[in-house]
Amino acid sequence: MADDVSTDAHENGVRRADLRRARARVVGVVSKVVRWVGNAGAALLAIHAVFAIGGANPDNGITKFVATWAKPLALGFEDLFMPDDPKLAVAINYGIAALFWLIATAMAVRILRAIA
């Protein structure tokens with residue numbers, strides 16, 4: 001009877017350890033996905049700012065693609081500051097949005113890892 005109790009306790013401990021490892025793996029994968037999405041969003045915003053500063057052709061397919069994705073990722077930052085120079089406005093506002101994405105992503109990853 002005592003052996004049954006110790007065996008059950010051991011099995012429960014093993015199951016809990018397995019669950020902790022599984023949760024850690026899932027949180028690790030989710031953290032990586034969140035980081036990739038955040039970094040990709042920040043990169044698109046930064047590329048859009050570079051295209052605007054550099055005077056990229058707005059009719060070019062790549063420029064259109066980046067601008068199409070950058071607009072919703074700006075999350076309201078696109079008109080935060082309104083300097084006279086439109087290139088400067090894009091650089092500042094989309095640059096701030098890119099920094100926001102990097103900071104928000106880093107915070108989200110820390111929170112996820114704390115959960116694990």
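Asp-59 is found in the loop between helix 1 and helix 2. Helices here are DSSP runs of H or I with at least four residues, strands are runs of E with at least two, and both are numbered from the N terminus. The model is predicted: local features need pLDDT of at least 70, side-chain atom pairs count only at pLDDT 80 or more, and totals for chains, interfaces and linings use all residues. Residues are numbered from 1 along each chain as its sequence is written, and side-chain values use heavy atoms, with hydrogens and water left out.

Asp-59 counts as exposed because its relative accessibility is 59%. Pro-58 lies in the loop between helix 1 and helix 2. Pro-58, at 59% relative accessibility, counts as exposed. Beyond four places in sequence, Pro-58 touches Thr-63 and Lys-64; contact means heavy atoms within 4.5 Å. Pro-58 and Pro-86 are 28 residues apart in sequence, and their C-alpha atoms are 14 Å apart in space.

The overall fold comes next. The protein has three helices and zero strands. Along the sequence the pattern reads α-α-α. The C-alpha trace spans about 85 × 25 × 15 Å along its principal axes. The radius of gyration is 23 Å, whereas a compact globule of 116 residues would have one near 13 Å. This radius is taken over C-alpha atoms, and the globule rule is 2.2 Å times the number of residues to the power 0.38. Of the 116 residues, 22% count as buried. The accessible surface comes to about 8,100 Å², and carbon and sulfur atoms hold 68% of it. These areas come from the Shrake-Rupley method with a 1.4 Å probe, and for residues only the protein chains shown count as cover. Among contacts between residues at least 6 apart in sequence, 61% join residues at least 24 apart.

Helix 3 covers residues 86-115, which is 30 residues. From its first C-alpha to its last, helix 3 reaches 43 Å, close to the expected 44 Å at 1.5 Å a residue. The expected span is 1.5 Å times one less than the number of residues. Asp-85 caps the N-terminal end of helix 3, with a side-chain oxygen 3.2 Å from the backbone nitrogen of Lys-87. The buried residues of helix 3 include Ala-89, Val-90, Asn-93, Tyr-94, Ala-97, Ala-98 and Trp-101. An α-helix has 3.6 residues a turn, so residues three or four places apart point the same way.

Asn-93 is buried, with a relative accessible area of 0%. The side chain of Asn-93 reaches the backbone oxygen of Phe-81 at 2.8 Å. A polar contact is a pair of N or O atoms within 3.5 Å; within protein, one must be able to donate a hydrogen and the other to accept it, and residues adjacent in sequence count only if both atoms are side-chain atoms. Neighbours within four places aside, Asn-93 is in contact with Phe-77, Glu-78, Asp-79, Leu-80 and Phe-81. Thr-105 is buried too, with a relative accessible area of 6%. A polar atom of the Thr-105 side chain lies 2.6 Å from the backbone oxygen of Trp-101. Beyond four places in sequence, Thr-105 touches Val-34, Arg-35 and Gly-38.

The largest nonpolar core has 14 residues. Such a core is a set of buried Ala, Val, Leu, Ile, Met, Phe, Trp, Tyr and Cys residues joined through side-chain atoms within 4.5 Å. Leu-45, Leu-73, Ala-74, Tyr-94, Ala-97 and Trp-101 have the most contacts inside this core. Helix 1, helix 2 (61-73) and helix 3 are the elements that give two or more residues to it. Helix 3 gives the most, with five residues. Neighbours within four places aside, Leu-73 is in contact with Gly-41, Leu-44, Leu-45 and Trp-101. His-48 lies in helix 1 (residues 2-54). At 14% relative accessibility, His-48 counts as buried. Its contacts beyond four places in sequence are Val-66, Ala-67, Ala-70, Val-90 and Tyr-94.

Key: Buried means under 20% relative accessible area, exposed over 50%, partly exposed in between (1.4 Å probe, protein chains only).
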